[in-house]
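Hi there,

Here is the structure I promised to pass on. Have a look at it first, and then read on for what turned up.

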Amino acid sequence: MRSYDEEWKRYRRLKLAFLISNLGFLGVAIPTFVSARLRAMNRVFFVLIIAWFVWYSVSYERFRRFQCPRCGRYFSSPWLNFLKLSAKECVHCGLPRYSVDRG
Ligand SMILES: [Zn+2]
């Protein structure tokens, strides 16, 4: 019997990448805020903000579009909903997150 191990490993990697991209906001926002206060805003910070935004958007979309190992549809809600982003079960078939049995 096969399990969902590989799919859940991928889910964890996508979730971790998304969480790290959230932390990346601090790495961009704090220097940008300080530079703005010092009136030293320049192209470097502008490029950093754009790069972070692209990184965040891509990691968010990859995580949100994770497909349920059982039914193949989006595991989380397809709509923009930050509260339901990390669903405890598939919104379509009810497969519990990190379920091990293909049943
Ligand atoms: Zn499902």
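**What was found**

The protein has 2 helices and 0 strands. Please keep in mind that this is a predicted model.

Let's begin with the helix pair. Helix α1 covers residues 5-37 and helix α2 covers residues 43-64. How do the two lie relative to each other? Their axes come within 9 Å and cross at roughly 160°. An angle over 145 degrees counts as roughly antiparallel, and therefore α1 and α2 are roughly antiparallel to each other. The crossing of α1 past α2 is left-handed.

You can find the residues that make this contact in your viewer. On the α1 side they include L14, F18, F25 and V28, and on the α2 side they include L48, I49, W52 and Y56. By type, the contact residues divide into 14 nonpolar, 5 polar and 2 charged.

Next, a residue to look up: D5, which is found in helix α1. Is D5 buried or exposed? It counts as exposed, because it has 11 C-beta neighbours inside 10 Å and the cut-off for exposed is 12 or fewer.

Finally, two figures for the whole protein. Of its 103 residues, 7% count as buried. Among contacts between residues at least 6 apart in sequence, 48% join residues at least 24 apart.

Happy exploring!

Note on methods. Residues are numbered from 1 along each chain as its sequence is written. This is a predicted model: local features need pLDDT of at least 70, side-chain atom pairs count only at pLDDT 80 or more; totals for chains, interfaces and linings use all residues. Helices (H or I, at least four residues) and strands (E, at least two) are DSSP runs, numbered from the N terminus. A residue is buried if 20 or more other C-beta atoms lie within 10 Å of its own, exposed if 12 or fewer, and partly exposed in between; C-beta atoms are placed from the backbone. Axes are lines fitted to C-alpha atoms, for helices over the stretch in contact, and angles run from 0 to 180 degrees between N-to-C directions. Angles under 35 degrees count as roughly parallel, over 145 as roughly antiparallel, 65 to 115 as roughly perpendicular and the rest as oblique. A crossing is left-handed if the near helix is turned anticlockwise from the far one by less than a right angle, and right-handed if clockwise. Two residues are in contact if their C-beta atoms, placed from the backbone, lie within 7 Å. Ala, Val, Leu, Ile, Met, Phe, Trp, Tyr, Cys and Pro count as nonpolar, Asp, Glu, Lys and Arg as charged, and the others, Gly among them, as polar.
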